[in-house]
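Me: Hi! I'm new to this one, could you walk me through it?
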Amino acid sequence: MADRSKPSFFITTPIYYVNAKPHLGTAYTTVLCDVQARYRRLKGYNVKFLTGMDEHGEKVEEAARQHGMEPQEWCDSQAPFFKRLWEELEISNDDFIRTTEPRQVRSVQYLWDRMQESGYLYKGSYDGWYCVPEETYFTETQVTKADEERHTEGQHLCPDCGRPLERVQEESYFFKLSAFQDRLLKLYHEHPDFVQPDFRMNEVRSFVEGGLQDLSVSRTSFDWGIKVPFDDKHVTYVWFDALQNYLTAVGYGVDTPEAQAELAFRWPAQYHVVGKDIIRFHCVIWPAMLMAIGEALPEHVFAHGFLMVRNEETGKGEKMSKSRGNAIAPQDVVELLGVEGYRYYFMTDVTPGEDGAISFSRMEQVYNADLANSWGNLVSRALNMSAKYFDGKTPEDDPEWVSRQNPLSQIAQGIAQRYSEHMDKIEYVQAKDVVMELVHAANHYVEDSAPWTVAKDPARAGELADIIRNLLEAIRISAHLLTPFMPQTSAEVLRRMGAEAEVDCEDLDAACVWGQLAGGVEVTKGDALFPRLAKK
Ligand code: MSP
């Protein structure tokens, strides 16, 4: 039962199609959300982090057929691949939704009834183009324009992905999307941070300014989908079904007091995190659907860029694909960097809003510089010295020793607030910089204060205790701030310094106030956290 005295923070990933195994791209979105979910738990929120699988539609049905299976059987066989990878990558989702579950069927059918009542639904017939890989409709004008640009000589290709289109002629229900142009523009005007980052908002706004067409939201030429409750020849268009998952997971359409309390507590969502490829569905169609049925709108849609593989010869980013032979599997990266190194690399070296060119050589560089040489090395030196000079314990604060100003406490002042300003907006690279400033300063401080020399002079015992205490305190605070990125390592560091009670912290700001290190507590030296990667 959720503790509703805390504020709710509801964050979602897209639900992924089960036509393929989870890959580096889908894992990227999922880890990005996980870091935010863990951060919000540290800030005292009651978090619901939702992910799942999008199982209906032509694309999934085709994948099933290619594997000689029934669609449901195929989806069931794929679910473990997603669940296993998310577990391996330390994804802390609170829910995993599948669109073939009864709760989704009920909620989508409830949505149909509300849409019918709203007056924004009508029956007609669709005659136009459809891209199965993208599960998207295209107008004649869009297709002709793209074909002219591409010189496709009679073949009609998808304006977005360039793959062959299907001609669809069928009876269909339409959602009057065109009626929402003004309301959507008003939303963007009044809530300029509805779409993040800013430049994506501009893209969405100009798309809507260009005019909106009504959207076909049911299909009659195949049946792998949720039946329209009042017309069972029709199944729900896969996107109309998929978007609804966000409401389903928080109890929409369930007539019990518990479900209604959950909906009131959780909705609207704070963040839908999506890739830039599906921004129109989330920033145009989804808010219009919610407006039609009178539900509140999500606070933010954050659209991240795409991971591209850096071509070492040209230095340019290329689309990842099996046919180019440049696809990188999540397991390959985990093998190289470990799970925590994996998370750290993608979250702190790729700017979330932009496309990021990734490469194995860059991964090694970041891992060695930040994790092996800076963070790991700092922890191991400080714990070793604490154990060596203070009988296996953290030094006690020496009341005789009048502490000099040390650079670390100054840097640590207000650090949680500076870090949070960035984390709140999914600016992970800048948030990491705030922490690494303290880590780097601590490494310099070791060199500058030379505790090994101080230790030789018994008259300087107070000074030695002060140096080691400062180092351990900087480490304690950094471990807290690095928790969302590398939860296991941070927990391990806190344990090694005898601060396991702080591992499940729910008040980051309080935990990061300088001067809370307990003295006389046993420390564990342990193995290197991040062994240096040797040059291949
Ligand atoms: N099923 C829909 C989403 C429905 S949400 C109501 C869908 N699924 S998908 O399996 O195609 O996943 C698309 C998402 O995967 C992208 O939006 C993005 O989050 C992620 N990525 C896929 N390839 C990617 C990269 N190369 N780089 C980063 N993320 C990418 O669309």
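Me: How are H6 and H11 oriented to each other?
Reply: This is a predicted model, where local features need pLDDT of at least 70, side-chain atom pairs count only at pLDDT 80 or more, and totals for chains, interfaces and linings use all residues. Residues are numbered from 1 along each chain as its sequence is written, and side-chain values use heavy atoms, without hydrogens and water. Helix H6 (residues 181-190) and helix H11 (residues 279-293) pack at about 110°, with axes 10 Å apart, and are therefore roughly perpendicular (65 to 115 degrees).

Me: Which residues make the contact?
Reply: From H6 there are Arg 183, Leu 184, Leu 187 and Tyr 188, and from H11 Cys 283, Val 284, Pro 287, Ala 288 and Met 291. Contact means heavy atoms within 4.5 Å. By class, 8 are nonpolar, none polar and 1 charged.

Me: What about H13 and H18, at what angle do they cross?
Reply: The axes of H13 (residues 360-389) and H18 (residues 461-482) come within 10 Å and cross at roughly 140°. H13 passes H18 in a left-handed crossing, meaning the near helix is turned anticlockwise from the far one by less than a right angle. The residues of this contact divide into 14 nonpolar, 2 polar and no charged.

Me: New topic: which residues come nearest to the ligand?
Reply: Ile 15, Thr 29, Asp 54, Asp 277 and Leu 307, of the 23 residues around the ligand (a heavy atom within 4 Å).

Me: And what does Ile 15 do there with its backbone?
Reply: A backbone N or O atom of Ile 15 lies 2.8 Å from a ligand nitrogen. A ligand oxygen is 3.4 Å from a side-chain N or O atom of His 304.

Definitions and conventions: Axes fitted to C-alpha atoms, helices over the stretch in contact; angles between N-to-C directions. Helix = DSSP H or I, 4+ residues; strand = E, 2+ residues; numbered from the N terminus. Nonpolar A, V, L, I, M, F, W, Y, C, P; charged D, E, K, R; others polar. Polar contact = N/O pair within 3.5 Å; in protein donor to acceptor, adjacent residues only side chain to side chain. Parallel < 35°, antiparallel > 145°, perpendicular 65-115°, else oblique.
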